[in-house]
Amino acid sequence: MAIERALGTGIIISSSVPIAQRVEQRIRAFVDEYESVLSRFRADSLVSHMARAEHGGEFEFPTWVQPLFALYSEFYAATHGAFDACIGADLLALGYNNSVRFIPQSKAGAGKNENSSSDSWADYRRALPVTWADISQGGGSTMLCTNQPVQLDFGAAGKGYFVDLVTQIIKEELSEQLPADFDFLVNAGGDMRVYFSNEDYKIKVALENPFDATQAVGVASIASGALCASSNARRRWKVKDASYLGKDANGFESNLIATHLINALDGIPACDLCASWAYIPAKTCDFPTAYADAIASALFVSQENYLQKIVQNVGAEFAVMLPNHALRKTCAFPARFFAA
């Protein structure tokens, strides 16, 4: 089952038995519901209404959003504010909107850190007008209360969370009629949740080379659980207008390369890593794909030791690739990397 362009990337669900039309219709309806609530690219979404609310207000979200809010609060606290849903203000200001044109990682630039030079982002600093800590929550943590416009972006974990919710739908709909050997995989742009009826089953997944998308740097063998990746190679664009910075634009150059991986503390695109991967077994937490997605993103903007408690609580294993192609991984990350 394929849903093109869903969540800006597309979704593929592979299963060992056909998915009934009724189930497919429910999943497609939930895609629309999810985007109508959380997509900052839809003018009619709830987060877009928040962004246009001149004096803020009280915004009631569906109950299924509560675990996502809780996750963002957890990661915001753990990373001391570097992981923040309010980063949407930065992304929009830097030009990441519906008209953005992404550019590929150039072969000439492979192996070097394009944004690390002192004459690039060094003079760019800003403070978010609103942070996640400034937004009060009520109504059982499903209501967000603001006093000014807030541009939210849940891209750091929202796609993984969606995958978990779709997994729940499939299990709910098919629980009473599942054959003993029913297996399925939900893949949303590389954020994967695998369900195997046999705990010994595994699937092999190629790990993309951030410097050349036609190649892999390794192969992961994963059992039931979630595997997510993050990279600064795919969603990259040129910043052509720095006028929004006002007096802070002094020394800031246009046509710099920005990525969607923004450190919320200073607004600078993360450049210390080139890729990250996180794996979480299904049995260790209720939303393994959301946590794997969040960890893969947070590794770019935060110190690894800040994430240690979360990693231990959910049983996560991860690996990262540095700009010099060096690899670093936890002992039990289930992958074999190729020799350089």
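**A threonine and its surroundings**

Author: The side chain of T142 makes a polar contact with the side chain of E60, at 2.7 Å, a polar contact being a pair of N or O atoms within 3.5 Å where, within protein, one must be able to donate a hydrogen and the other to accept it, and where residues adjacent in sequence count only if both atoms are side-chain atoms. This is a predicted model, in which local features need pLDDT of at least 70 and side-chain atom pairs count only at pLDDT 80 or more, while totals for chains, interfaces and linings use all residues. Residues are numbered from 1 along each chain as its sequence is written, and side-chain values use heavy atoms, with hydrogens and water left out.

Reader: Is T142 buried or exposed?
Author: The place of T142 is in the loop between β4 and β5, where strands (E, at least two residues) and helices (H or I, at least four) are DSSP runs numbered from the N terminus. Buried means under 20% relative accessible area, exposed over 50% and partly exposed in between, with a 1.4 Å probe and protein chains only. Because the relative accessibility of T142 is 5%, T142 counts as buried.

Reader: With which residues is T142 in contact, leaving aside its neighbours within four places in sequence?
Author: Contact means heavy atoms within 4.5 Å. The C-alpha atoms of T142 and P67 are separated by 9.2 Å, although these residues lie 75 apart along the chain. The contacts of T142, with those sequence neighbours left aside, are F59, E60, F61, P62, T63, Q66 and F69.

Reader: In what order do the three strands of the open sheet with β5 stand?
Author: Two strands pair if DSSP finds at least two bridges between them. β3 and β5 (residues 143–146) pair in the antiparallel sense over four bridges, and β4 and β5 pair in the antiparallel sense over three bridges. The order of this open sheet is therefore β3-β5-β4.

Reader: Why is one side of β3 and of β4 left without a neighbour in that sheet?
Author: The three strands form an open sheet with antiparallel pairing. β3 (57–60) and β4 (136–138) stand at its edges, so the reason is that each has a single partner strand.

Reader: Which residue in β5 stands opposite E58?
Author: E60 stands opposite M143 in β5, and S136, for its part, stands opposite C145. M143 and C145 point one way from β5 and L144 and T146 the other way, and all are buried. The residue opposite E58 in β5 is C145.

Reader: Which strands stand at the edges of the open sheet of eight strands?
Author: This sheet has antiparallel pairing and the order β1-β2-β6-β7-β10-β13-β14-β15. One side of each edge strand is left without a neighbour in the sheet, because each has a single partner strand, and these edge strands are β1 (2–3) and β15 (327–329).

Reader: Which residue in β10 is the bridge partner of V194?
Author: Strand β7 (residues 191–195) and strand β10 (residues 225–231) run antiparallel and are joined by three bridges. In β10, the partner of V194 is G225.

Reader: How many disulfides does the structure hold?
Author: A disulfide is a pair of cysteine sulfur atoms within 2.5 Å. C228 is buried, with a relative accessible area of 0%, whereas C331 is exposed at 82%. The number of disulfides in the structure is zero.
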